[in-house]
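The following note is intended for a colleague who is meeting this structure for the first time. Its points are numbered so that each may be read beside the model.

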Amino acid sequence: MSHALHRHGTTEQLQHDYTFYARASRYVNRDGCGPKLRKILSIALSEPNLVNYGSSQAGKSYEAGLKPEEYAATLDKAYGVAGCFSEREAVVSFLKKLKEADTGISIVISGLIDEIVKIGKELDLKPHTAFLSLGVHGKRSLLPEDAVQQVTTMCGHGMVGSKLTKVVMDRVKRGKITPEKGAHLLAQPCPCGIFNTTRCRAILEECKGK
């Protein structure tokens, strides 16, 4: 899931930011994959620490009002299930249940590579492929400040704009809205559901004190 690779932030922040994508492949296991994807969705929903989920097929995320039954209904015509966690333990539990379910659907986990490798070893899972971000090159001085990038890069398709992020940060600093409300607003444009509102709240809280 290359669009989740470039999440910007400190190591401490990224230890609380994991995304997953269950993906069926055309000509391999996509036909009739709906029941298997619904099983994966139900496993994800069984985790109390699931932060967000979403679907480009449904066109919105949990934070934008996507209900589990709506999501499940789209999966006969979709090819994946996506979401995010903020705690390592939740990822371990999720993958353990998926291993037992053995749906045959490819599972992609994004996060700090060292943590992902450790989790795989704990669960006796051997990664098939690993993608690594090589960073940002070019005129980096043209990029917005770090705090803004920490928020905008949580939507790998670039749907959460820097101007919107700056407006929300300013409103949080002035006490016009809470960090919780700000994180909820910023999550709206990202239908994939990999925008981590728990991490975003923490970023906004930090901005509030500056």
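1. Ser 55 is placed in strand E2. The model under review is a predicted one, and in it Ser 55 has a relative accessibility of 5% and counts as buried. Apart from neighbours within four places in sequence, Ser 55 is in contact with Lys 60, Leu 66, Tyr 71, Thr 74, Pro 191 and Cys 192.

2. Thr 197 may be considered next. This residue belongs to helix H9, which covers residues 197–208. Thr 197 is buried, because its relative accessible area is 3% and the limit for that class is under 20%. Residues up to four places away in sequence being left out, Thr 197 touches Val 51, Glu 63, Ala 183 and Ala 187.

3. The nonpolar interior deserves a point of its own. In soluble globular proteins, nonpolar side chains tend to be buried together. Here the largest nonpolar core has 30 residues, and Phe 20, Val 81 and Phe 94 are those with the most contacts inside it. Two or more residues of this core come from each of strand E1 (18–23), H2, strand E2 (50–55), H3, E4, H4 and H5. Which element gives the most to this core? That element is H4, with six residues.

4. With neighbours within four places in sequence set aside, its contacts are Phe 20, Tyr 21, Ala 22, Leu 37, Leu 41, Tyr 71 and Leu 75. There is also a second, separate core, of 24 residues, and Ala 4, Tyr 21, Met 169 and Cys 190 are included in it.

5. The largest pocket holds about 1,300 Å³ of space. Its lining is made up of 38 residues, of which Ile 107, Val 108, Ile 109, Ile 116 and Thr 129 are the closest to the centre. Helix H4 (88–101), strand E5 (106–110) and helix H5 (113–122) are the elements that give two or more residues to the lining. Sorted by class, the lining residues are 21 nonpolar, 12 polar and five charged.

6. The charged pairs form the next topic. Side chains of opposite charge can pair when their charged atoms come close. How many salt bridges does the structure hold? The count is eight. One of them joins Arg 38 to Asp 76, with 3.0 Å between the closest N and O atoms. Arg 38 is in helix H2 (residues 34–45), while Asp 76 is in the loop between helix H3 (68–74) and strand E4 (80–85), so this pair ties together parts that lie 38 residues apart in sequence. Arg 38 is partly exposed at 28% relative accessibility, and Asp 76 is exposed at a relative accessible area of 52%.

7. A salt bridge also links Arg 88 and Glu 122, whose closest N and O atoms are 2.5 Å apart. Because Arg 88 lies in helix H4 and Glu 122 in helix H5, the pair ties together parts that are 34 residues apart in sequence. Arg 174 and Asp 170 meet through their side chains in a salt bridge of 2.9 Å, N to O; Asp 170 is partly exposed, at a relative accessible area of 36%.

8. Lys 39 is located in helix H2. This residue is partly exposed, with a relative accessibility of 43%. Lys 39 and Ala 101 are 62 residues apart along the chain, and their C-alpha atoms are separated by 8.3 Å. Beyond its neighbours within four places in sequence, Lys 39 is in contact with Ala 101 and Thr 103.

9. Most residues other than glycine have a negative phi, and most peptide bonds are trans. Asp 102, although not a glycine, has a positive phi of about 50°. Asp 102 is found in the loop between H4 and E5 and is exposed, with a relative accessible area of 62%. Asp 124, a residue other than glycine, likewise has a positive phi, near 55°. Asp 124 sits in the loop between H5 and helix H6 (146–152). Is Asp 124 buried or exposed? Asp 124 counts as exposed, because its relative accessibility is 65% and the limit for that class is over 50%.

Definitions and conventions: Residues are numbered from 1 along each chain as its sequence is written. This is a predicted model: local features need pLDDT of at least 70, side-chain atom pairs count only at pLDDT 80 or more; totals for chains, interfaces and linings use all residues. Side-chain values use heavy atoms; hydrogens and water are left out. On a 1 Å grid over the protein atoms alone, a cavity is a set of points where a 1.4 Å probe fits but cannot get out, and a pocket is an open set with protein on both sides within 12 Å along at least five of seven lines; lining residues have an atom within 4 Å of a point. Grid points are joined across faces, edges and corners, and a volume is the space filled by probe spheres set on the points. Helices (H or I, at least four residues) and strands (E, at least two) are DSSP runs, numbered from the N terminus. Ala, Val, Leu, Ile, Met, Phe, Trp, Tyr, Cys and Pro count as nonpolar, Asp, Glu, Lys and Arg as charged, and the others, Gly among them, as polar. Buried means under 20% relative accessible area, exposed over 50%, partly exposed in between (1.4 Å probe, protein chains only). Contact means heavy atoms within 4.5 Å. A salt bridge is a side-chain nitrogen of Lys or Arg within 4 Å of a carboxyl oxygen of Asp or Glu. A nonpolar core is a set of buried Ala, Val, Leu, Ile, Met, Phe, Trp, Tyr and Cys residues joined through side-chain atoms within 4.5 Å.
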